[in-house]
Amino acid sequence: DLVNLPIQQNSQQHRSITMTDFQDRFFQHVDDNTRLYVDRLAEAVAIPSISSDLDAHLEDINKMIDWTKDHIERLGGNARVMDNPVATAERPLPPILLGDFIVDPEKKTVCVYGHLDVQPAAKEDGWDTDPFTLTEKDGKLFGRGSTDDKGPALSWLWIVEAHQQLGVELPVNIKIMYEGMEESSSDGLFETIVEESKEGKFLNDVDFFCISDNYWLGKAKPCLTYGLRGLAYFQVEVQGSEQDLHSGVLGGTVHEAMTDLVRIMGNLVDSKGNILVDGIMDSVKPVTQEETKMYDTIDFDMEEYKKENKIIGDKLLHDDRTRLLMGRWRYPTLSLHGIEGAFSGKGAKTVIPAKVLGKFSLRLVPDQKPKEIERLVAEHIKRDFASLGSPNKL
């Protein structure tokens with residue numbers, strides 16, 4: 001098709017080119033600059049911007065934000081680092097980066113969201129290589145943050161750069177909102193969005209948002225994610241004593257907090273993924289025939305899915321492809337995440353922990369209200385705990 005793509009020229013004149021012509025030039029430009037993009041990603045991956053350990057890595061997150069800000073400004077964009085609105089003197093937090101490339105006030109404006117912080121990583125966790133050294137292996141790039149989310153977030157800047165170097169004006173105005181706390185509850189982001197959405201502020205003229213922090217279904221076909229499940233995160237604490245006890249001395253004489261907690265957590269979800277909390281599924285809309293048909297055309301390979309995610313079992317939670325995708329997208333789920341306060345180090349320790357904290361979460365779907373989910377879960381746990389007849393404190 002023939003489309004009008006504004007071409008930046010010294011004479012300020014525009015000419016028409018075909019979309020195919022532009023695509024060919026764009027893809028060739030990307031191929032020609034692949035090494036540059038990889039080298040830049042390596043620079044970003046080398047910054048250990050771990051948000052779960054601010055005492056050790058707050059400076060690294062700030063460095064990553066400044067690194068990105070410098071690139072925005074190098075490309076002629078506007079950028080500002082905004083103080084985190086919920087930071088305090090006792091708990092400093094990384095700022096939020098706002099940037100923009102405004103080409104024409106008459107054009108639509110897309111705001112891109114991404115994050116520049118990462119999860120912790122170490123070779124002891126199972127990495128074959130240093131997670132903060134980008135490593136090429138078998139045609140793949142390995143490094144913490146390479147896909148979640150430094151690679152996708154930063155690629156927007158290289159797209160802007162490519163348009164500039166090809167002399168083609170951006171088809172939309174681009175605004176950027178990058179944070180440094182996504183992996184640790186996104187502290188301060190909600191407040192920033194509310195404030196910056198007000199009249200005359202940064203987000204007020206945004207037409208569309210693009211969350212640049214999602215996955216493909218496989219390795220062959222790119223996809224656009226247009227919805228995300230919500231999250232309700234819970235912690236349940238059981239205390240049996242004021243201090244840890246020795247199982248060799250006191251085992252068999254006390255009600256152990258860990259025993260109670262394991263029973264409670266084991267009664268939240270079964271081994272087939274069914275949520276055992278009464279009422280959770282009541283607000284989930286039934287599947288229609290039309291909806292089911294939508295799954296028929298989705299390019300998804302279950303065996304490749306197992307291989308890609310290194311599943312060691314010979315089967316997934318569902319044998320049916322459509323039901324598996326629905327389990328991933330359109331139904332709520334409950335996952336157990338960990339127990340704090342219990343012994344988890346190497347070797348053997350025979351302690352009876354005084355207090356343990358179980359952590360689990362539900363992924364929510366449309367029509368499920370977080371407050372209602374919270375009520376149902378709390379009632380379930382209190383009822384379950386009461387049935388144990390335990391004198392411990394919940």
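How many salt bridges does the structure hold? The structure, a predicted model, holds 20 salt bridges.

An open sheet is built from five strands with mixed pairing. Their order is S3-S4-S8-S5-S9. Strand S3 (78-82) and strand S9 (208-211) form the edges, each pairing on one side only. On average, neighbouring strands are turned by 20° against each other, direction ignored. Strand S5 (residues 109-115) runs parallel to S9, and four bridges join the two. Within S9, Cys210 stands opposite Val112.

Helix H3 (residues 54-74) lies across S3, strand S4 (96-101) and strand S8 (173-179). The direction of H3 is at about 160° to S3. Helix H5 (residues 189-196) also packs on the sheet, where it touches S3, S4, S5 and S8. The direction of H5 makes about 150° with that of S8.

A further contact joins two helices. Helix H1 (residues 19-32) packs with helix H4 (residues 150-166) at an angle of about 115°. The axes of H1 and H4 are 11 Å apart, and their crossing is right-handed. From H1, the contact involves Phe22, Arg25, Phe26 and His29. From H4, it involves Ile159, Ala162, His163, Gln165 and Leu166. By class, five residues of this contact are nonpolar, three are polar and one is charged.

The side chains of Glu161 and Arg40 meet at 2.8 Å, N to O. Glu161 lies in H4 and Arg40 in helix H2 (residues 34-45), so the pair ties together parts that are 121 residues apart in sequence. Both Glu161 and Arg40 are buried.

Asp128 pairs with Lys137, the closest N and O atoms being 3.7 Å apart. Asp128 counts as exposed because its relative accessibility is 59%, over the 50% cut-off. Lys137 has a relative accessible area of 38% and is therefore partly exposed. Glu195 and Lys201 meet through their side chains in a salt bridge of 2.6 Å, N to O. Glu195 is partly exposed, with a relative accessible area of 29%. Lys201 also counts as partly exposed, at 34% relative accessibility. Finally, salt bridges link Arg35, Asp39 and Glu136 in a network.

Note on methods. Residues are numbered from 1 along each chain as its sequence is written. This is a predicted model: local features need pLDDT of at least 70, side-chain atom pairs count only at pLDDT 80 or more; totals for chains, interfaces and linings use all residues. Side-chain values use heavy atoms; hydrogens and water are left out. Two strands pair if DSSP finds at least two bridges between them. Axes are lines fitted to C-alpha atoms, for helices over the stretch in contact, and angles run from 0 to 180 degrees between N-to-C directions. Contact means heavy atoms within 4.5 Å. A crossing is left-handed if the near helix is turned anticlockwise from the far one by less than a right angle, and right-handed if clockwise. Ala, Val, Leu, Ile, Met, Phe, Trp, Tyr, Cys and Pro count as nonpolar, Asp, Glu, Lys and Arg as charged, and the others, Gly among them, as polar. A salt bridge is a side-chain nitrogen of Lys or Arg within 4 Å of a carboxyl oxygen of Asp or Glu. Buried means under 20% relative accessible area, exposed over 50%, partly exposed in between (1.4 Å probe, protein chains only).
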